[in-house]
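Please read it with the sequence and the model open.

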Amino acid sequence: MAADCHPAPGSASCCEEVHRFLDDYDPLGDDSALENQKSPRSDRPTPIPKAQLATLCAVRLVDPIAFTQIFPYVNEMMDHLHVTEDHSKIGFYSGLVESSFAIAQVMSIYQWARASDIIGRRPVVLLGIFGIALSTLFLGVSTTLSGVILARCLGGLFSGNIAVIHSVLGEITDSTNQAIAFPLYGLCWPLGAIIGPLMGGLLSNPATKFPRWFDSNFFRLYPYFLPCFAAAMIAFAGCAYGYFYLGESHPNLRPGRKENIPMSERRDGVFEKPSTPASVKHLLSIPVVRALCLSGAGLSFIATGFDVTFVLFCYTSLQQGGLAFNATQIGYALSISGFISIFLQLFCMPFLLRRFDHARMYNFCMGLWPFCFVLLPGLNFIARWGALDEVTGELAPATQALVWVGIGIILSISRTAALAFSVSMILVKDSAPNPASLGVTNGIAQFAMCLSRSFSPAFASSLLAFSIGYDFVLLRYLWVLVMTTICFLGTTLSRRIAEGRRQTVR
């Protein structure tokens, strides 16, 4: 950076000014596409802006809590609303509800990204969180299928700012500190995936579970209001925290720049005119960006499909091939998944990012997804072959322990595979052609992910609901065959990233 400045009489203040000037801009990494903002790399990592990162993590935590708190009770909710009398079709309607969120998100994600390049990251992030809070409250008082879908659609529209939040992370870090910052940021989703399902599983139906405090007509009429209210309060708190502590990170829109000089590319020690965002057509002409979009779509489809399949599998009766879990047990299982993710992000991810090539690490994670679906039916085999308690009619403690051990193993594999999302964020950041295009690049990558996620829940849940209605083995486990085949196709797409990077370098 300013390593060429040596303290000398009359020049120390100049050197300090240069240091402060460059530090203010929080330049990004030398191995990223934003390299031109920095001069030659220093071996010492750039200090992480701790306050800004902590605020960003607090804001990021809102989305997974609001998104996942419905998972433990969504199937039960469809039954409560009497959308169908055929229990084998519950999965179709729950998948429809889950897909509506992603469909709405797809419609707004690129618009949020473009808006953040114009008005700044901060207002877009805060508006999105506030909207998530309102839509979650609306979900809690919905008594019809159309009302639930509308509430989830509104939540999806406001959650479209996820690409903007990713852009903020890319703008406040560089390649020397991203091995620490990205895993810390990556903790937000698994932490939210613990809190959300626990809230949904424990706080749903409070009039029945906690009659001493919640046995009232209101909570009997709206049995899912309490978890939605709790999630909404967390969202409002995140919005308030972000309002006071989240700073603007867009390089050309930060307030209080020295001499009003905007962030710009730095070539040969000279600051040039700020670059402009690249068009979507230009970005998609870059091989690595195109590969990231295609592979990201496959990753999102598979990961979302597994999450939906796992919840529905747990809810399905033993006779139909599931585990017959209630909402509380499903919440516990999803929380275990979150704890595993936190462990991996906190203790494994920093080491892996420093040690291995990012593209190869991404390919390895994608290669784990087939095992998640292949091993899942084994849980039902253990449960059905295990001994039943003659008094309660439930599984014997030893059998239950084996089932939970199996759940832990499968969820460990799935959460390791899901590390591909964190690696993808770094790869997208590295592929942006210039600083001004980071928001748009994140936007189209997230658009591709959300597009596949929009129909993945309905596809996966409908496939499972269709399969469990048959006794013929090939049809009964058709969902395993189809989803495993899709996983293998996803690994093929992931290999294009390394090829795209080599083409970009050439």
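The structure is a predicted model, and every value given here is computed from it.

**Largest cavity**

- The lining of the largest cavity consists of 43 residues, and those closest to its centre are Arg60, Trp189, Arg415, Phe421 and Arg453.
- Helix α15, which covers residues 287-315, is the main contributor to this lining, with seven residues.
- By residue class, the lining of the largest cavity has 23 nonpolar, 14 polar and six charged residues.
- Two of the residues closest to the centre, Trp189 and Arg453, return below: Trp189 pairs with Phe67, and Arg453 lies over the face of Phe67.

**Second largest cavity**

- The residues that line the second largest cavity are Ala66, Phe67, Phe101, Ile132, Ser135, Thr136, Leu139, Ala151, Arg152, Gly155 and Ser159.
- Three helices, α2 (50-68), α5 (121-140) and α6 (145-158), supply at least two lining residues each.
- Of the elements that contribute to this lining, α5 gives the most, with four residues.
- The lining of the second largest cavity divides into six nonpolar residues, four polar ones and one charged residue.

**Aromatic pairs and cluster**

- There are 24 aromatic pairs in the structure.
- One of them joins Phe67 and Trp189 in a tilted arrangement, with 6.0 Å from centre to centre and 45° between the planes.
- Phe67 belongs to helix α2 and Trp189 to helix α9 (residues 188-203), so this pair ties together parts of the chain that are 122 residues apart in sequence.
- The two partners fall into separate accessibility classes: Phe67 has a relative accessible area of 9% and is buried, whereas Trp189, at 28%, is partly exposed.
- Phe301 and Phe459 also form a tilted pair, with ring centres 5.7 Å apart and an angle of 50° between the planes.
- Because Phe301 lies in helix α15 and Phe459 in helix α22 (residues 438-467), the pair links parts that are 158 residues apart in sequence.
- Phe301 is buried at 9% relative accessibility, while Phe459 is partly exposed at 35%.
- A single aromatic cluster is formed by Phe210, Phe214, Phe218, Phe219, Tyr222, Phe225 and Phe229.

**Charges over rings**

- Arg453 lies over the face of Phe67, at 5.2 Å from the ring centre.

- Asn161 is located in the loop between α6 and α7 (162-172).
- With a relative accessible area of 4%, Asn161 is buried, because the limit for that class is under 20%.
- The side chain of Asn161 reaches the backbone oxygen of Val125 at 3.2 Å.
- Phe466 is a residue of helix α22, the helix that also holds Phe459.
- Phe466 counts as partly exposed, at 40% relative accessibility.
- The C-alpha atoms of Phe466 and Phe92 are separated by 9.0 Å, and the two residues are 374 residues apart along the chain.

**Positive phi angles**

- Most residues other than glycine have a negative phi.
- Asn205 is not a glycine, yet has a positive phi of about 55°.
- Asn205 is found in the loop between α9 and α10 (206-209).
- Ala324 likewise has a positive phi, near 60°, in a residue other than glycine.
- Ala324 is placed in the loop between α15 and α16 (327-355).
- At 44% relative accessibility, Ala324 counts as partly exposed.

Conventions: Residues are numbered from 1 along each chain as its sequence is written. This is a predicted model: local features need pLDDT of at least 70, side-chain atom pairs count only at pLDDT 80 or more; totals for chains, interfaces and linings use all residues. Side-chain values use heavy atoms; hydrogens and water are left out. On a 1 Å grid over the protein atoms alone, a cavity is a set of points where a 1.4 Å probe fits but cannot get out, and a pocket is an open set with protein on both sides within 12 Å along at least five of seven lines; lining residues have an atom within 4 Å of a point. Ala, Val, Leu, Ile, Met, Phe, Trp, Tyr, Cys and Pro count as nonpolar, Asp, Glu, Lys and Arg as charged, and the others, Gly among them, as polar. Rings of Phe, Tyr and Trp (its six-membered ring) pair if their centres lie within 6.5 Å; planes under 30 degrees apart count as stacked, over 60 as edge-to-face and the rest as tilted. Buried means under 20% relative accessible area, exposed over 50%, partly exposed in between (1.4 Å probe, protein chains only). A charge sits over a ring if NZ of Lys or CZ of Arg is within 6 Å of the ring centre and within 35 degrees of the ring normal. A polar contact is a pair of N or O atoms within 3.5 Å; within protein, one must be able to donate a hydrogen and the other to accept it, and residues adjacent in sequence count only if both atoms are side-chain atoms.
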